[in-house]
Amino acid sequence: MTASVGAGRALVAGAGGMLGHDLVPALRRAGWVVTALGRDDLDVTDASQCVAAVDGHDLVVNAAAYTAVDAAETDEPAAFAVNAVGAANVARACSRAGARLVHVSTDYVFDGTATEPYAVDHPVAPGSAYGRTKAAGEWAVRALCRESWVVRTAWLYGAGGPSFVSTMLRLAGERETVSVVDDQVGQPTWTVDLADLIVRLVAGDTAYGIHHGTATGQTTWFGLARAVFELSGLDPERVLPTTTDAFPRPAPRPAWSVLSHHSLEMAGIAAIGDWREGLRTHLDA
């Protein structure tokens, strides 16, 4: 159960996205009066809009992002405008208004070649346009808003938007077998769990800086797909393993997206539980 954080005004930018779908109610349950602004309500690339929106709020969660990973390869300026300039605009507005900021980032800031979980202070080395723009956004937030947390997440799924999990369920009804890559490793993370972590991070007055908001444990996309089938009462043998090379995409995918939760442990904040438990609860719902 999330502890109450008392009265306060919170703004969620990107409230129409998958994370926003679960974050807005989580904040409200924790006692916040929430202003939920979607893409049509707040253009984060417009600095004056950000100043006006943030004014009067105690907390801002920036979940607004350009997340079309492949499209960013051919239109990096568009991704940079939202993920870097937009992040800077929100951070500057928060600093001006005296609001604390939670900025949501990604595993794509790393090179994806590690063999052990990435620590929060591991050097960033993005291999894609999307990753570069998100890394620039992290830098801007930390440079422009002293009272800020950067929360990196990965492999998100939830009821608020399309995801790998929803795609697997759709394909299960359309195909006899589904081929899924088995050479990319990560931590499938339910948006409800990430929303809860963000609320607890703020409520605990956790030290500002970077934290990792992913489920514990690890699997491959193939392993996740088999779990989706199994937990949905379908035959997991219908999911077949394949390789990344068999599915070429414009943007390179990290082969290793396992993030360390040591900074949360040091702060006395419980990390998100095992990925299978989150998936089971999501599918039961």
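## Helix α1 and its packing

The model is predicted. In helix α1, which covers residues 18-29, the buried residues are Met-18, Leu-19, Gly-20, Asp-22, Leu-23, Val-24, Ala-26 and Leu-27. These buried residues of α1 pack against the strands β1 (9-13), β2 (33-37), β3 (59-62), β4 (100-106) and β6 (156-157), and also against helix α7. Just after α1, Gly-31 adopts a positive phi of about 105°.

## Helix α7

Helix α7, one of the elements against which the buried residues of α1 pack, is made up of 13 residues, 191-203, and reaches 18 Å from its first C-alpha to its last, which is close to the 18 Å expected at 1.5 Å a residue. Its buried residues are Thr-191, Leu-194, Ala-195, Leu-197, Ile-198, Val-199, Arg-200, Leu-201 and Val-202, so that the charged Arg-200 is listed among them. Just after α7, a positive phi of about 50° is taken by Asp-205.

## The contact of α8 with α10

The axes of helix α8 (residues 221-231) and helix α10 (residues 275-284) come within 10 Å and cross at roughly 40°, and because of this angle α8 counts as oblique to α10. The crossing in which α8 passes α10 is right-handed.

On the α8 side, the contact is made by Gly-223, Leu-224, Ala-227, Val-228, Glu-230 and Leu-231, while α10 contributes Trp-275, Arg-276, Leu-279, Arg-280 and Leu-283. Sorted by class, the contact of α8 with α10 holds seven nonpolar, one polar and three charged residues.

His-57 lies in the loop between α2 (47-54) and β3, and it counts as buried because its relative accessibility is 6%, where the cut-off for buried is under 20%. Leaving aside residues up to four places away in sequence, His-57 touches Arg-9, Ala-10, Leu-11, Thr-35 and Ala-99. Glu-237 is 180 residues from His-57 along the chain, and the C-alpha atoms of the two are separated by 51 Å.

Arg-146 is placed in the loop between α5 (129-144) and β5 (148-153). With a relative accessibility of 67%, Arg-146 counts as exposed, the cut-off for that class being over 50%. Arg-146 and Ser-105 are 41 residues apart in sequence, and from C-alpha to C-alpha they are 17 Å apart in space.

Conventions
Residues are numbered from 1 along each chain as its sequence is written. This is a predicted model: local features need pLDDT of at least 70, side-chain atom pairs count only at pLDDT 80 or more; totals for chains, interfaces and linings use all residues. Side-chain values use heavy atoms; hydrogens and water are left out. Helices (H or I, at least four residues) and strands (E, at least two) are DSSP runs, numbered from the N terminus. The expected span of a helix is 1.5 Å times one less than its number of residues. Buried means under 20% relative accessible area, exposed over 50%, partly exposed in between (1.4 Å probe, protein chains only). Axes are lines fitted to C-alpha atoms, for helices over the stretch in contact, and angles run from 0 to 180 degrees between N-to-C directions. Angles under 35 degrees count as roughly parallel, over 145 as roughly antiparallel, 65 to 115 as roughly perpendicular and the rest as oblique. A crossing is left-handed if the near helix is turned anticlockwise from the far one by less than a right angle, and right-handed if clockwise. Contact means heavy atoms within 4.5 Å.
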